[in-house]
Amino acid sequence: MDYNLQKNQNAEYGKKLLEYLSEQLTAEFGKVLINRIFVR
């Protein structure tokens, strides 16, 4: 497998994972907590 292709796939996976986690945490704890965790 080409190194750059694998790197791009890993980056896309990470991006989708962060989006999913953000949605789940926001639904469970609300935006205030999420902002305190991710915005520093």
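Q: What relative accessible area does Asp2 have?
A: Asp2 counts as partly exposed, a label for anything between buried (under 20% relative accessible area) and exposed (over 50%), using a 1.4 Å probe and protein chains only. Keep in mind that this is a predicted model: local features need pLDDT of at least 70, side-chain atom pairs count only at pLDDT 80 or more, and totals for chains, interfaces and linings use all residues. Residues are numbered from 1 along each chain as its sequence is written, and side-chain values use heavy atoms, leaving out hydrogens and water. For Asp2, the relative accessible area is 47%.

Q: Which residue caps the N-terminal end of α1?
A: Helices are DSSP runs of H or I with at least four residues, strands are runs of E with at least two, and both are numbered from the N terminus. Look in the segment before α1. A side-chain oxygen there lies 2.7 Å from the backbone nitrogen of Asn4, and it belongs to Asp2.

Q: How far does α1 reach from its first C-alpha to its last?
A: Start with its 27 residues.

Q: Which residue forms a salt bridge with Lys16?
A: Side chains of opposite charge can pair when their charged atoms come close. A salt bridge needs a side-chain nitrogen of Lys or Arg within 4 Å of a carboxyl oxygen of Asp or Glu, and the structure holds 1 of them. The closest N and O atoms are 3.9 Å apart, and the partner of Lys16 is Glu12.

Q: Why are Lys16 and Glu12 separated by about one helical turn?
A: An α-helix has 3.6 residues a turn, so residues three or four places apart point the same way. Lys16 and Glu12 both sit in helix α1 (residues 3-29), and they are about one turn apart because their spacing is 4 residues.

Q: How much accessible area does the nonpolar patch have together?
A: A nonpolar patch joins side chains of Val, Leu, Ile, Met, Phe, Trp or Tyr within 5 Å, each with over 30% relative accessible area and no salt bridge. Here the members are Tyr13, Leu17, Leu18, Tyr20 and Leu21, and Tyr13 counts as exposed at 58%. By the Shrake-Rupley method with a 1.4 Å probe, where only the protein chains shown count as cover for residues, the patch has about 530 Å².

Terms used: The expected span of a helix is 1.5 Å times one less than its number of residues. A polar contact is a pair of N or O atoms within 3.5 Å; within protein, one must be able to donate a hydrogen and the other to accept it, and residues adjacent in sequence count only if both atoms are side-chain atoms. Patches are made of residues with over 30% relative accessible area and no salt bridge: like charges are joined within 9 Å, nonpolar side chains (Val, Leu, Ile, Met, Phe, Trp, Tyr) within 5 Å.
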